[in-house]
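Please find below my note on this entry.

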Amino acid sequence: CVRQGDNLIITSDSYGGWNRHFEWIAESVDSQNGIIDMEGQTDRQFATEAGPGEPMFAAEVVNLRRDIIFEGQKDDPDSKHGAHFMIFHTPDVKQTISGVHFTNFGQGGNIGRYPIHFHICGPSPSLVSKNVITNSNQRCVMIHNTNNVTIEDNVAYKTK
């Protein structure tokens with residue numbers, strides 16, 4: 001799953017350590033032996049379920065690469081404005097949003113302008129999974145007057 005050049009994150013492994021994550025780029029990948037060499041280095045040991053550290057704070061590794069990328073415009077004079085993706089009034093229609101990287105989405109200060117927004121869809125047997133949302137200007141996924149949406153295995157990184 002990891003390719004050379006992928007941007008990987010190791011999450012914080014401590015309570016309240018929201019800024020103690022580690023970001024790096026996969027320099028080379030040996031898929032036969034499961035070894036990833038990284039650009040840069042750290043001598044820090046991250047907690048795992050087996051130790052060291054507290055198992056309840058085990059670090060996770062996240063790959064930010066997705067092959068489908070939706071990128072909001074960056075030349076808006078208002079730096080808080082990005083694109084927004086809205087599913088609007090679709091009762092009983094299954095929507096699937098999976099494997100997409102949303103970057104520079106959301107509009108800070110504008111109600112209803114979120115990276116992924118289900119808006120008054122009623123019963124909606126939909127799925128939002130395996131997406132990455134980075135550099136969001138306002139939240140990440142908003143469910144408004146909508147039921148039965150499953151949200152799983154998504155990543156939100158560098159969001160406001």
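The points below concern a predicted model.

1. Parallel sheet. Three strands form an open sheet in the order β7-β10-β13, and their pairing is parallel. At the edges lie β7 (96-98) and β13 (150-152), each of which pairs on one side only. From one strand to the next the twist averages 5°.

2. Strand β10, residues 127-129, runs parallel to β13 and is joined to it by three bridges. S129 has E152 in β13 as its bridge partner.

3. Antiparallel pairing of β1 and β2. Strand β1 covers residues 7-10 and strand β2 residues 22-30; four bridges hold them in the antiparallel sense.

4. Hairpin of β2 and β3. β2 also pairs with strand β3 (residues 35-38), again antiparallel and over four bridges. Here S28 has D37 of β3 as its bridge partner. Four residues lie between the two strands of this hairpin, and G34 takes a positive phi near 70°.

5. Salt bridges, R3 and D67. The count of salt bridges is five. One of them joins R3 to D67, with the closest N and O atoms 3.0 Å apart. This pair links distant parts of the chain, since R3 sits in the segment before β1 and D67 in the loop between β4 (61-63) and β5 (68-71), 64 residues apart. R3 counts as partly exposed because its relative accessibility is 42%. D67, at 56%, is classed as exposed because the cut-off is over 50%.

6. Salt bridge of R65 and D6. The closest N and O atoms of R65 and D6 are 2.9 Å apart in this salt bridge. R65 is in the loop between β4 and β5 and D6 in the segment before β1, 59 residues apart, and so distant parts of the chain are linked. At 23% relative accessibility R65 counts as partly exposed, whereas D6, at 4%, counts as buried. R3, D6, R65 and D67 are linked in a network of salt bridges.

7. Salt bridge of E23 and K158. What does E23 form with K158? The two form a salt bridge with the closest N and O atoms 3.7 Å apart. E23 belongs to strand β2, K158 to the segment after β14 (155-157), and the pair is 135 residues apart. E23 is partly exposed, with a relative accessible area of 34%; K158 is also partly exposed, with 49%.

Technical notes: Residues numbered from 1 in each chain as written. Predicted model: local features only at pLDDT ≥ 70, side-chain atom pairs only at ≥ 80, totals over all residues. Heavy atoms only, no water. Pairing = 2+ DSSP bridges. Axes fitted to C-alpha atoms, helices over the stretch in contact; angles between N-to-C directions. Salt bridge = Lys/Arg side-chain N within 4 Å of Asp/Glu carboxyl O. Buried < 20%, exposed > 50% of the residue type's maximum accessible area, 1.4 Å probe, protein only.
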